[in-house]
Amino acid sequence: MPAPGENLKINADRLWDSLMEMAKIGPGVAGGNNRQTLTDADGEGRKLFQKWCEDAGCSMGVDQMGNMFAMRPGEDPDALPVYVGSHLDTQPTGGKYDGVLGVLGALEVVRSLNDLGIKTKHPIVATNWTNEEGTRFAPAMLASGVFAGVHTQDWAYGRVDAKGKKFGDELERIGWKGEEEVGARKMHAFFELHIEQGPILEIEGKDIGVVTHGQGLSWIQVTITGKDAHTGSTPMPMRKNAGLGMARVLELVDEIAWSHKPHAVGAAGHIDVYPNSRNVIPGKVVFTVDFRSPDLAVIQDMEARLKEGAQKICDEMGLGVEFEKVGGFDPVAFDEGCVSAIRNAAERLGYSHRDIISGAGHDACWINQVAPTAMVMCPCVDGLSHNEAEDISKEWAAAGADVLLHAVLETAQIVD
């Protein structure tokens, strides 16, 4: 089987132009994107991706979770496809590259193979997974989780957003509920290109991150209840301040994460305060604690200490507290063969690289349960992501897509 030569590269200008064109859909207020899942903007982005895929000669399949699969045929009708992709949905104040680089990088692999007239034994499928972000409908990586059998489809359809709208209803409303059974597709392998969303690659001057593992994640939603009361006329000893209880619990979260340094992290990103009025003591708060570590035992310890400590804090303050695990997954070890294909590609192309653990969750983390999987990362400026100021260079994007191309070709097998 011939190996791809080191002069084989993607079209960097075309990839960059595609990224900029997609970024026009669902623009943010500060230069990024607000293309949250199952919004009209998400539907518009999907249509553009479908058009580009069909223009590249791919046939589009859509499953009942709205996952999109654009297939470039292979030469062996019995060979399982190599899937490549990520997600097009964004955070409310998201960047132009998180997820999108992986989807459009997969499309660029297909386009480049077409340009070069290269045929592969295995089909190649450019993929867009629904609701990776989990910002509108928790948990994150929802549709890839259903694909991998982690969640049931009915449960996913019943997830609601802040306005009480159901995932299943919104999927149907925007017209992207497909007919295909979710998870029926079998994969030879899956590759995901992504920005690092952290500072390591840029600080160390590395072109490529070869992702060997993914951190485990635990999302615990905490609800603390006290009593709404006037901030001016309620004596201090008579207050049941849910906001103060939350502040003390968040201090505990920070202490717990620091106790497992350097790899464990913890914070609360989602916080709702009720009634959220200037002159009313909060009677209820709902917040989600996000714990992460590459060690499952550490995650379990952090969860247990949070529940025990928060219960004690609230008991002492006369507050009620409830816990609900709204998302999570165990640490991931990616497939050694796929990881080697990425490392081989970086070395063949002369890109500097290092092994890295992904601090964020990705669709690849679930797909790893049903198919050999690995990820390739490129740097992002200051490690910033989930922010409209998220930025990468065209050169970084091209290097990541070049490595993706070579890893996919090594796995899909070039046919003379």
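Visitor: What makes the length of helix H8 agree with its number of residues?

Guide: Helix H8 covers residues 242-258, and at 1.5 Å a residue its 17 residues should span 24 Å, while its end C-alpha atoms are 25 Å apart, so the two values agree. The expected span is 1.5 Å times one less than the number of residues, and a helix here is a DSSP run (H or I) of at least four residues, a strand (E) one of at least two, both numbered from the N terminus. The model is a predicted one, in which local features need pLDDT of at least 70 and side-chain atom pairs count only at pLDDT 80 or more, whereas totals for chains, interfaces and linings use all residues. Residues are numbered from 1 along each chain as its sequence is written, and side-chain values use heavy atoms, with hydrogens and water left out.

Visitor: How do you know on which side of H8 its buried residues lie?

Guide: The buried residues of H8 are Ala242, Gly243, Gly245, Met246, Val249, Leu252, Val253, Ile256 and Ala257. They cover an arc of only 165° around the axis, taken from the directions from the helix axis to the C-beta atoms, and therefore they lie on the same side of H8. On the other side, Glu251 and Trp258 are exposed. The buried residues pack against strands E8 (216-225), E10 (265-274) and E12 (284-293), and against helix H9 (296-317).

Visitor: Why is Ser86 called buried?

Guide: Buried means under 20% relative accessible area, exposed over 50%, and partly exposed in between, with a 1.4 Å probe and protein chains only; Ser86 has 0%, so Ser86 counts as buried. Ser86 sits in strand E3 (residues 82-86).

Visitor: What makes the pair Ser86 and Glu192 a polar contact?

Guide: A polar contact is a pair of N or O atoms within 3.5 Å, where within protein one must be able to donate a hydrogen and the other to accept it, and residues adjacent in sequence count only if both atoms are side-chain atoms. The side chains of Ser86 and Glu192 are joined at 2.6 Å, which lies within that limit.

Visitor: Why are Asp98 and His386 put in separate accessibility classes?

Guide: Asp98 has a relative accessible area of 5% and is therefore buried, whereas His386, at 40%, is partly exposed.

Technical notes:
Contact means heavy atoms within 4.5 Å.
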